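User: Could you take a close look at one helix for me and show how its surroundings fit together?

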Amino acid sequence: MTEPLGPGVADAPTGGWRTATVAGVRRPVARSVQLRLDVADRVAHLPGQHYVVRLTAPDGYTAQRSYSVASAPGDPLLELFVERLDDGEVSTHLADVVEPGDVLEVRGPIGGWFVWDTGSPALLVAGGSGVVPFVSMLRTARALGRTELLRTVVSVRTVDLLPYADELLAAGALVVTTREPRGIRPAGRLTAADLVPLWEPGQTVYVCGSASFAGAATRLLETLGIPAAGIRVEQFGPSG
Amino acid sequence: MPTPTRGFLGRRRDRDPRLPPGQYDVGADWPVLTAEPTPRITPETWSITVDGQVEQPTTWSWDDVHRLPPSEYRGDIHCVTTWSKFDTRFSGVSVDTLLDAARPTAEAQFVMATSKTGYTTNLPLADVTGGRAWLVWDFDGRPLTPEHGGPVRLLVPHLYFWKSAKWISKLTLLRRDQPGFWEQNGYHDRGDPWRQQRYQGD
């Protein structure tokens, strides 16, 4: 029998509903938005945790969705990065309507599984905007002077679609592109050859991306002999 | 009522009464959400064990469960990530049928469901009895795919869907409640979508 999956980290912080004032709105890549929020009485998160954003219509109707945090815990503001889905009820509002000074209801931090404990070695494997929780991990590692603990690979169609591309490249992340060549690497999906140089025994592997990316990446990791028990997965789909 | 969000009207003005609060209709999609790699389990190697506070701990193979009286669920499912899916059809066997054979003791009050991956989720016994929980292997008349928990998953459709453990392998009856996987990671112990019991403290 497989060992039971336990908490990702013990006693991960949890916060209730808070009022957030939008301090900054940027659209660094197409079809997405980066929100900087000033959250009253904010509970410090661990990198990898998420927040819920709730929107309320004048008649009391509400819609809420979860978004990964990109900021490090020490950042005075909470940074969320939201991919705009054409049929998304919440993401379209955040991407198209929200402006500085707006007030949003947020709840968090939430989650104890897809969380980096800030002291253990980890391999971070992202598909596209699945990189957001890893940005928080990399920023946290930089703040703590522990950047050697994290190895990062990101798969994206083209570099101009990658959120936080400059920051990721500066942090030493491997960026593989599926629709354009990169250096001597031809365009193509993530392969074993991409992962092998990044893998070290003792790493926990974090995989974040679409369901199809996460499925393909975890199968690839398992073919390399990485035990399933050391792989944590977070998937997102057309739910925004 | 919270203050309205500037500029937000919301899309769905004719809200389907089948939608619990805070949920939306995902339509034909069925999002896949798991915390661990999808295991490849063949029907031949799958089994379900009912143990713990029971008179007769019992294990059924794939063939064994198919010899039990079939049972079907037709209705809606609700995920804590806020999607709901209407008019699903799952078939398998009622958890009542397994418990009738294993015979819970008088002390049994809770159930820990365990998956082949080590995933666990806890439930009050009352939530898996009385025709409210199933072990299912078909969805809409087709074998349940590995991504959705195949070959066999637990189905407890009146609770948020993380309670419907994929790749189910064991139901352990307990005297006292213990938190399962998501329940140790910030999520609610019961998970009733009509009460929005999403996270610990709701």
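**Helix α5 of chain A and its setting**

Analyst: Happy to! In chain A, 14 residues of domain 1 are in contact with 12 residues of domain 2, contact meaning that C-beta atoms, placed from the backbone, lie within 7 Å. The model is predicted: local features need pLDDT of at least 70, side-chain atom pairs count only at pLDDT 80 or more, and totals for chains, interfaces and linings use all residues. Residues are numbered from 1 along each chain as its sequence is written, with chains lettered from A and ligands numbered from 1 in the order in which they are written.

The domain assignment, automatic or from a database, places domain 1 at 17-110 and domain 2 at 122-236 of chain A.

Now to α5(A), residues 211-223; helices here are DSSP runs (H or I, at least four residues) and strands likewise (E, at least two), numbered from the N terminus. At 1.5 Å a residue, its 13 residues should span 18 Å, and the end C-alpha atoms are 18 Å apart, so the two agree; the expected span is 1.5 Å times one less than the number of residues.

The buried residues of α5(A) are F213(A), A214(A), G215(A), A217(A), T218(A) and L221(A). Buried means 20 or more other C-beta atoms within 10 Å of a residue's own, all placed from the backbone; 12 or fewer is exposed, and in between is partly exposed. Their cover includes β7, β8, β10 and β11 of chain A. After α5(A) comes G225(A), with a positive phi near 90°.

The helix also gives two or more residues to the side of chain A that touches chain B. That contact takes 43 residues from chain A and 40 from chain B.

Key:
Two residues are in contact if their C-beta atoms, placed from the backbone, lie within 7 Å.
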